[in-house]
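Please look over the sequence and structure first.

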Amino acid sequence: MEFSRKCSLCAFLLFFVLLFCNNEVNASHEVFRKLQSLSTNIVRNLFRTGFHFQPPRHWINGPMYYNGIYHLFYQYNPKGEVWGNIVWAHSVSVDLVNWINLEPAIYPSEAFDKYGTWSGSTTILPGNKPVILYTGIIDDEQSQVQNYAIPANLTDPFLRKWIKPDNNPLVVADQSINKTKFRDPTTAWLGQDGLWRMLVGSLRGRRGLALLYRSRDFMKWTKAKHPIHSSADTGNWECVDFFPVSLEHTNGLDTSSHGEKVKHVLKVSLDDTRYDYYTIGTYDTKKDRYTPDETMVDGWKGLRLDYGNFYASKTFYDPSKNRRILMGWANESDVVPTDAINKGWSGIQTIPRRLWLDPSGRHLVQWPVEELEHLRKQKVEIRNYRLNKGEKVEVEGITPAQADVEVTFSFSSLENAEEFDPSWADLYAQDVCGFRGSTVQGGLGPFGLLILSSENLEEYTPVFFRVFKTQDKHKVLMCSDASRSSVRNNIKIYKPSFAGFVDVDLSDKKLSLRSLIDHSVVESFGAGGKTCITSRVYPALAIFDEAHLYAFNNGTETITIETLNAWSMNKPER
């Protein structure tokens, strides 16, 4: 999807591909065969989002972008609200906010994809010719091969129709590969030696693999002797993404970029956990090996793009604005499959995010694309408001169920930060949030926002910070806690206390938070996007005009709201 180094960056052709992959049949897309083609005639709007992308009906699982126009190719069930009957649905946009739904681009039809057209990516070849690479399922055992498709008519700006040539499949698993764990080809990049390269996710035993393939003509591919990278005890790798980031600036880079001032990011979606992890490291272009930096951790204890409900993500390079864009999939967390059938739809795409390397080099930074701000309407402000222990203030004058909120909190001292118990050192941030939640009084925190709250706080979703001190530094915990998000007591509703630690300098004694609130989803960005958390929530009381929004403090240290800006959000025109 991105332009190769040898292809000219034509200003008039924005070729971006964001294809979200979600392929395996397991926890996040459980198979309900009797329900795959059962549709409801009533599409309920109770939890339907206002400004996030989702199709009018049925089951959705992943997006992509393409061609001067942004293209969203995504895994979609056109016949029902659960996983199954998967096709490559297709929508287009000029601004990443307003989308036009088109006919599916790819659907099962040939021997090489008869049993499924699963995820992949796109690449632009010389002559500005886009190619889709995707995984085809060829039998009932879910054996997987890698195929390609090309546009039927390059003069069509929407590229509505795609052809699957007869020389498919391009890549078949050899005897060393588990053919049922062999999927999601990446955007290809062009090396200095004139060879194209792509990665395919897989595993051997319990070792996750990013298999490397090379080709001179994009049609005949040869597997490299070694994976570009692998890691023990991480399970199956799917939706692999591999891209460069700059050490000098926040602009995005074309996928084929390399050099002394460039690092690389390897992102994997772990089948076992259903989360997206990444490392930052060095790509040796001569040996075709990727080595994570020494501070990086492969696997479950590693960095995550989003510490909440976020999976099967993909990035693409946008040459029109010199940025790299990330999109991900947030599945439903309510009662499956009953609620999905009653709603008439399932799954959303997160808001597109610009992504770059933090100046520290230790992690990535993400922020909603600037185009989203065009949906802002009425605005309210709070300035220099002090919150003592146990106090809250309501943010009034906007639509709290569909809003964009940015707030900067400050505090006069770090002395009241509570000790970080050494016994917590091996715990996940989510575990710490579970027993040090928003109602547990602390020293410096918890403070933040109470989102989608009912008037008497029978239900609410707190997004907050808590500052701890260790022997030599301070440790910032950020939580998005759905445990009190709904009074519905069905045990099948997943209401976790999502959390991540924030790598932030507290010398200025400030912490910032931005939350995008959209009925059943809350996307939050801590400290300017250093830590991101997406939660799916399903309130029973705090819906539509009955929802409330508060800022709160439950720590002994007084917190000042230096600035709080909140906007009601319009729906996109399409």
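The model is predicted, so local features need pLDDT of at least 70, side-chain atom pairs count only at pLDDT 80 or more, and totals for chains, interfaces and linings use all residues. Residues are numbered from 1 along each chain as its sequence is written, and side-chain values use heavy atoms, with hydrogens and water left out.

Across the whole structure there are 33 salt bridges (a side-chain nitrogen of Lys or Arg within 4 Å of a carboxyl oxygen of Asp or Glu). Three of them are listed here.

| Pair | Closest N and O atoms |
|---|---|
| Asp241 and Lys314 | 3.5 Å |
| Lys263 and Asp293 | 2.9 Å |
| Lys267 and Asp276 | 3.6 Å |

Asp241 is buried at 4% relative accessibility, and Lys314 is buried at 3% (buried means under 20% relative accessible area, with a 1.4 Å probe and protein chains only). Lys263 is buried as well, at 16%. Both Lys267 and Asp276 are buried. A network of salt bridges links Asp318, Lys321, Arg323, Glu370 and Glu371.

The whole structure holds 6 cavities of 30 Å³ or more. A cavity is a set of points on a 1 Å grid over the protein atoms alone where a 1.4 Å probe fits but cannot get out, and lining residues have an atom within 4 Å of a point. The volume is the space filled by probe spheres set on the points, which are joined across faces, edges and corners. The largest cavity has about 80 Å³ of space. Its lining includes His229, Trp237, Leu266 and Asp298.

Note on methods:
On a 1 Å grid over the protein atoms alone, a cavity is a set of points where a 1.4 Å probe fits but cannot get out, and a pocket is an open set with protein on both sides within 12 Å along at least five of seven lines; lining residues have an atom within 4 Å of a point. Buried means under 20% relative accessible area, exposed over 50%, partly exposed in between (1.4 Å probe, protein chains only).
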